[in-house]
Amino acid sequence: MDWLKNATDKIRALASGEVRPAGERPRVGLALAGGFARGIAHIGVIRALKNAGVPIDVVAGTSVGALIGACYCAGVPLNDMQRIAAGTSFADFGRWTPSWLGLANNLRLERYLQRFTPAKTFEELTTPLAIATSDITEGVSVYYTRGPLGPPLRGSCAYPGLFVPIQFEGRTLVDGFLTAPVPVEGTLLLGADITIAVYLEAGSFTAPRTAADVISRSFSIIQRHADIAWRQQADVIIEPDVKPFVWDDFTRTNELVAVGEAAAQAALPQVLKALGGEKREPAA
């Protein structure tokens, strides 16, 4: 996979725009995957990294990873994120409106984001963020790093078949996981030297209960066979064991956070090695 390494190196060089001075620590990026309620595990991952003093300079997110990323980059305390997530239900971000293009719309997602932060643009964030979406017409990834947060976030969370696609800036957007299941490329575009990727593999299990279950599990099966590229690009991969959880397990928020924290703690030796083996003070 020399071509992939070369492409990654070129993206990093172009994104940084300059040679990093000798002795300066590497710029760390965090790439957060999608997974509906399973994405709550990202909160635990971030908490463990911060407690270990691991810097997070840029974030890229797909679907719920984009939501968690937006909240973190806006400076929302992790405890607040956990508290609000525990009281979340589908009705907070989706409304059933069956049509030819989807079973529901996610217009409420922008209002839901305002429960965490008043920030409405990328420019208001304190940490750089890239939101991954998929242009369903062209079949390519589209990353957003500036302008309004709401439409790209809704596009990144527009799960095909479940939510109606989002029209924004001349594109028809659906869930970023189709083309960027773990948006490592987004962190590279923001200039990351080292990328920590967080992947949330869905479980399998009982018979599906709803059409949403059928859609979710069908795409999860596809995703399992299409995760080579981002794994080659990531420097460290953290994989919380979220297989026992279903897509709308918001009531199990505390368990999901704990699972994410445990996975990140287990990966800390790899993270510190990637950072040059330096032990740091806990991040503020």
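1. In which sense, left-handed or right-handed, does α2 pass α3? In this predicted model, the crossing of α2 past α3 is right-handed. Two packed helices are described by the angle between their axes and the distance between the axes. For helix α2, which covers residues 41–51, and helix α3, which covers residues 64–73, the angle is about 40° and the axes lie 10 Å apart. That angle makes α2 oblique to α3.

2. The residues that form this contact can be picked out by name in the structure above. From α2 come His42, Ile43, Ile46 and Lys50, and these meet Gly65, Ile68 and Tyr72 of α3. Sorted by class, the contact of α2 with α3 holds four nonpolar residues, two polar residues and one charged residue.

3. A second pair of helices deserves a look alongside the first. Helix α4 (residues 78–86) packs with helix α10 (residues 253–274) at an angle of about 140°, and their axes are 9 Å apart. Angles over 145 degrees would count as roughly antiparallel, and α4 and α10 are therefore described as oblique to each other.

4. Where α4 and α10 touch, Gln82, Ala85 and Ala86 of α4 meet Thr253, Asn254 and Val257 of α10. By class, this contact of α4 with α10 consists of three nonpolar and three polar residues, with no charged residues.

5. Helix α4 also has a buried set of residues, namely Leu78, Met81, Gln82, Ile84 and Ala85.

6. Turning to the aromatic rings, a search of the whole structure finds 10 aromatic pairs. One of these joins tyrosine 159 and phenylalanine 177, whose ring centres are 5.0 Å apart and whose planes stand at 15°, so the pair is stacked. The two residues belong to distant parts of the chain, 18 residues apart: tyrosine 159 sits in the loop between α6 (150–156) and β7 (161–163), while phenylalanine 177 sits in the loop between β9 (171–175) and α7 (184–189).

7. Are tyrosine 159 and phenylalanine 177 buried or exposed? Tyrosine 159 has a relative accessible area of 7%, and is therefore buried, since the cut-off for that word is under 20%. Phenylalanine 177, with a relative accessibility of 10%, counts as buried as well.

8. Ring pairs also build a cluster, and the residues that they link are Phe90, Phe93, Trp96, Phe163 and Phe250.

Definitions and conventions: Residues numbered from 1 in each chain as written. Predicted model: local features only at pLDDT ≥ 70, side-chain atom pairs only at ≥ 80, totals over all residues. Heavy atoms only, no water. Axes fitted to C-alpha atoms, helices over the stretch in contact; angles between N-to-C directions. Helix = DSSP H or I, 4+ residues; strand = E, 2+ residues; numbered from the N terminus. Parallel < 35°, antiparallel > 145°, perpendicular 65-115°, else oblique. Left-handed = near helix turned anticlockwise from the far one by under 90°. Contact = heavy atoms within 4.5 Å. Nonpolar A, V, L, I, M, F, W, Y, C, P; charged D, E, K, R; others polar. Phe/Tyr/Trp six-rings, centres within 6.5 Å; stacked < 30°, edge-to-face > 60°. Buried < 20%, exposed > 50% of the residue type's maximum accessible area, 1.4 Å probe, protein only.
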